Amino acid sequence: MINLTIDGKNVIAGKDMTVLDAARRAGISIPTLCHHPKLTSFGGCRLCLVEIEGIPRPVTSCTTLVGENMVVKTSTPHIVELRKTILELLLSDHPNDCMVCEKAGDCTLQDLAYYYGISENPYEGERRTYETRDGNPFIERDMEKCILCSRCVKVCDEVQGVGAIDFAYRGFQSKICPPFERDLDCEFCGQCVAVCPTGALTGKLWAHKGRQKNVNKVDTVCTYCGTGCNLTLHVKNNDIIRVDSAMSTWNEGWLCAKGRFGYSFVSSPDRLKTPLIKKRGKFKEVSWDEALDFTASKLKNIIKKHGADSVGGLSSARCTTEENYLFQKFIRAAVGTNNVDHCARL
Ligand code: SF4
Ligand code: SF4
Ligand code: SF4
């Protein structure tokens, strides 16, 4: 273990911990934009600068490991001024259209500008403007709001293992894009959207559907497969307008495209809500009693005529473990056959 002092507080940290992690664990707040606890450190945004006794210049706390008897200061007037300047520089090349931005109220850049009281910008100069929008179906990529923090690039590579996006060009022209600036064509897991600290990446499906303060957040489990990822549904007027997942869940906030973007079926008018039986060539809505009696009599007739092994049961990954257990029990004990399988093996 390593003993150090951060802002006058004695802190004990693991030898592999960064100064940032040690400070946060001790309840000392250091602002960041590019850092994400599930991704490797980048040190790109420079907001986490701290002063360390014996080191002549401020260093990024997200890339500096703790040291024995280290003395760290996280918020001296000089550090605060540096952070303000960094934020002012970022905002000097930013649309600053929080009033219509999907991310407003949930944006780290906006929060930091508020915290450091940055209302006017002393820097004037050229701003990046991009006319074309990405034509992909799920992810709105507004690169004018991108602060080049690299979180999206890292999550796509380190978590998803896809590498669909990366930095392109150099200097002022630098931007994040898919190869050859084509439209994004990837797994559409949306992990990049989940980690983006600004409104540069948002979901096309949730555009203009509602502000975060107006949604009711409901935790649930995804019904698409047996993995059982935790979801948080953002509900407004009894409609799901967005889905995300908390980092504290077993799936660490990561989802697949179905879990994150495939929620429109819940309120779809095409959704099947009652059983249907085909009568004279057309499906008719019937009660559950009628449907179950009909199915049971058909099954009985088949078993009587052809034997139990002429029946097979296919279960579903969309059911719970308990439902799948009951289904195989029904096929084995009630129908009398071992012909039972599951859609995940098809
Ligand atoms: S990304 Fe954040 S700071 Fe930028 S316009 Fe949107 S809410 Fe405002
Ligand atoms: S949606 Fe997933 S696969 Fe596509 S760019 Fe983002 S992280 Fe990569
Ligand atoms: S798109 Fe978002 S996550 Fe990616 S580099 Fe830009 S600001 Fe960071």
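Me: Helices (H or I, at least four residues) and strands (E, at least two) are DSSP runs, numbered from the N terminus. With that settled, which residue follows H4?

Reply: Gly 161 follows H4, and the phi of Gly 161 is positive, near 70°. Please note that this is a predicted model, in which local features need pLDDT of at least 70 and side-chain atom pairs count only at pLDDT 80 or more, while totals for chains, interfaces and linings use all residues. Residues are numbered from 1 along each chain as its sequence is written, chains are lettered from A and ligands numbered from 1 in the order in which they are written, and side-chain values use heavy atoms, without hydrogens and water.

Me: Which residues of H4 are buried?

Reply: They are Arg 151, Cys 152, Val 153, Lys 154, Val 155 and Cys 156. Buried means under 20% relative accessible area, exposed over 50%, and partly exposed in between (1.4 Å probe, protein chains only).

Me: What do those buried residues pack against?

Reply: They pack against strand E7 (166–168), strand E8 (175–177), helix H5 and strand E9 (201–203). A contact here means heavy atoms within 4.5 Å.

Me: How many residues has the largest nonpolar core?

Reply: This core has 32 residues, and Ile 139, Cys 192 and Leu 201 have the most contacts inside it. Two or more residues each come from helix H4 (151–159), helix H5 (191–195), strand E11 (230–236) and strand E12 (239–244). H4 gives the most, with four residues. A nonpolar core is a set of buried Ala, Val, Leu, Ile, Met, Phe, Trp, Tyr and Cys residues joined through side-chain atoms within 4.5 Å.

Me: And what does Leu 201 touch?

Reply: Leaving out residues up to four places away in sequence, Leu 201 touches Ile 139, Glu 140, Arg 141, Met 143, Cys 152, Cys 192, Val 193 and Cys 196. Another core lies apart from the largest one; this other core has 21 residues, including Ile 6, Met 17, Ala 22 and Cys 62.

Me: Why would such side chains be together?

Reply: In soluble globular proteins, nonpolar side chains tend to be buried together.

Me: Switching to ligands: what surrounds ligand 2?

Reply: Around ligand 2 are Ile 139, Cys 156, Val 162, Ala 164, Ile 165, Leu 184, Cys 186, Glu 187, Phe 188, Cys 189, Gly 190 and Cys 192. A residue is near a molecule if one of its heavy atoms lies within 4 Å of it.

Me: Which residues come nearest to ligand 3?

Reply: Ligand 3 has 14 residues around it, and Cys 146, Cys 149, Ser 150, Cys 152 and Cys 196 come nearest.

Me: Then which residues are around ligand 1?

Reply: Ligand 1 has around it His 94, Asp 97, Cys 98, Cys 101, Ala 104, Cys 107, Gln 110, Lys 145, Thr 198 and Gly 199.

Me: Where does His 94 lie, and is His 94 buried or exposed?

Reply: His 94 lies in the loop between helix H2 (77–92) and helix H3 (108–115). His 94 counts as buried because its relative accessibility is 10%. Beyond residues up to four places away in sequence, His 94 touches Leu 109, Arg 127, Glu 144 and Lys 145.

Me: New topic. What is the phi of Asn 238?

Reply: Asn 238 has a positive phi near 65°, although this residue is other than glycine. Asn 238 is found in the loop between E11 and E12, and this residue counts as exposed because its relative accessibility is 74%.

Me: What about the phi of Arg 280?

Reply: Arg 280 is not a glycine, yet its phi is positive, about 50°. Arg 280 is in the loop between strand E13 (276–279) and strand E14 (282–285). With 85% relative accessibility, Arg 280 counts as exposed.
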